[in-house]
Structure formats: C-alpha cells, structure tokens
Amino acid sequence: MENISSTLRSHELTQRNLNAAITDLQKIPEKIKVLFLASNPDGTGQLRLDEEARDIYEKIRLSEYRDSVEFVTRWAVRTSDILQAINETNPTVIHFSGHGTDTDELVLQNTDGSIKLVSKEVIVQVISTVTDKVRLVYFNTCFSYGQAEAIVEHIDAAIGMTQAVGDEAAKVFASYFYSAIGFGKSLEVAFKQAQAALLLEGISGEDTPKLYINAALNADEVILVRP
C-alpha cells in the first residue's frame with residue numbers, strides 16, 4: 001500500500017507539472033510574420049518607404065509581444081519577386097507599400113526600374129494561391145480599396161486606401177496599426193488606434209484607410225497575435 005501511495009503521489013506530481021507546462025505554453029503568444037514589399041519605380045513620385053519600414057519595425061520592437069512579430073522586407077519589388085518572396089517567407093501578413101492607380105492597379109517595376117502596372121484581378125489571383133497562412137493583406141498604396149475589398153473573399157482581412165494617401169499619413173497609420181497588433185489587439189482595435197494616432201499627430205486622412213473583413217468573420221474577433 002505504501003508503494004502504491006508513493007506511485008500515486010508521483011503521478012499526481014507529474015500531472016501537476018504537466019498542467020503547469022501546458023499553462024505556460026498557452027501564455028506564449030502566437031508568432032506571425034509580416035512581409036513588407038516596397039516598390040517605387042522611376043517616373044513615380046519618390047516615397048519615403050524606408051522611413052515607413054523603419055517606423056513599423058520600431059513600433060513592433062516597442063510592443064508587448066515583440067518577439068512574436070517578425071518583420072521581413074523586400075525592396076524594389078518586381079512582379080517576379082512577389083511569389084518568390086511569399087513562398088520563401090510564408091507570411092501571415094503581406095504589406096504592399098508604394099504607388100497605386102485610380103483604376104485598381106498596383107505599381108511595380110520592370111528590371112530596368114521602369115513602371116509595370118499589375119491589375120486588381122492579377123493581385124487577387126496571386127493571393128488566392130497562397131492563402132494557407134496569409135490572414136491579412138495591407139495595401140499602403142493610393143486607391144487600393146478595390147483590391148482590398150476583392151481579396152477578402154480569399155483571406156480574413158485586408159486594408160486599402162479610398163483615395164491618394166500622403167507619405168506621413170501612410171507611415172504613421174501603418175506603424176501604429178502594427179504596434180497595436182504587437183500588443184495583442186484585434187484588427188478592429190488596431191485599425192481604430194491607428195486612426196486615433198493620425199488625429200493625435202494632427203495629420204488629416206484618418207478616413208482614407210478602410211478595413212475589409214471576410215463575410216464569415218468579425219473584425220473585433222480577429223487577433224493575429226493572441227496572448
């Protein structure tokens with residue numbers, strides 16, 4: 001009986017340790033990867049994309065769950081780079097930064113640095129082939145609301161711009177959005193905090209970004225880094 005009691009106590013201790021380990025694991029936030037794709041071809045207005053990337057990175061580093069958000073950049077992006085970068089990095093978030101047209105086209109570049117326009121339909125087709133892990137596509141490009149709206153048929157969420165967006169507004173909104181994501185906030189809260197950041201800085205354009213959510217989801221329940 002003494003041996004049986006000792007064995008039971010040992011099993012109970014093992015079970016308690018196992019439960020404690022499971023609890024500790026549950027406290028570790030999910031890890032995500034943000035793929036930042038920047039393109040600023042010759043013949044287009046020069047944007048401060050490097051400053052945008054730096055500000056996003058710094059805000060992520062200052063967030064509570066900074067170790068759960070990996071920020072990866074690709075520069076001077078050509079059409080041939082997009083699938084390669086996505087397949088290499090397997091991102092949770094794809095962030096396009098650069099120019100867009102008022103006819104739903106993304107402005108990328110050719111090998112010689114000249115402009116190459118990519119239609120909304122092509123971008124949607126590309127994203128539809130890589131949806132295993134991608135949950136959010138962020139278009140920090142002018143007039144990108146049509147692309148964002150179309151893409152949410154295939155993923156959880158997208159952000160697009162309803163009109164032209166200034167450099168300062170683009171980088172402030174993006175950096176505070178990712179800051180909130182790094183604190184474990186929902187997409188809804190992160191989006192609203194980014195709008196509030198523009199107001200705090202006295203920068204107009206808080207209504208330019210628009211958040212689109214898949215019809216089966218609620219923006220307040222979509223959390224990319226869940227504590």
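**Cavities and a helix face**

Student: Happy to start with the cavity lining: which residues line the largest cavity?

Tutor: Good place to begin! This is a predicted model, where local features need pLDDT of at least 70, side-chain atom pairs count only at pLDDT 80 or more, and totals for chains, interfaces and linings use all residues. Residues are numbered from 1 along each chain as its sequence is written, and side-chain values use heavy atoms, with hydrogens and water left out. A cavity is a set of points on a 1 Å grid over the protein atoms alone where a 1.4 Å probe fits but cannot get out, and lining residues have an atom within 4 Å of a point. For the largest cavity they are Leu 37, Ala 38, Ser 39, Val 77, Phe 96, Ser 97, Gly 98, His 99, Leu 106, Val 107, Leu 108 and Thr 141.

Student: Which strand gives the most to that lining?

Tutor: Strand 1, strand 3 and strand 5 each supply at least two residues; strands here are DSSP runs of E, at least two residues, and helices are runs of H or I, at least four, numbered from the N terminus. The top contributor, with three residues, is strand 5.

Student: And which residues of helix 3 are buried?

Tutor: Buried means under 20% relative accessible area and exposed over 50%, with partly exposed in between (1.4 Å probe, protein chains only). On the face turned away from the buried side, helix 3 carries the exposed Ser 80 and Asn 87. Its buried residues are Ile 82, Ala 85, Ile 86 and Thr 89.

Notes
1 Å grid on protein atoms, 1.4 Å probe; cavity = no way out; pocket = protein on both sides within 12 Å on 5 of 7 lines; lining within 4 Å.
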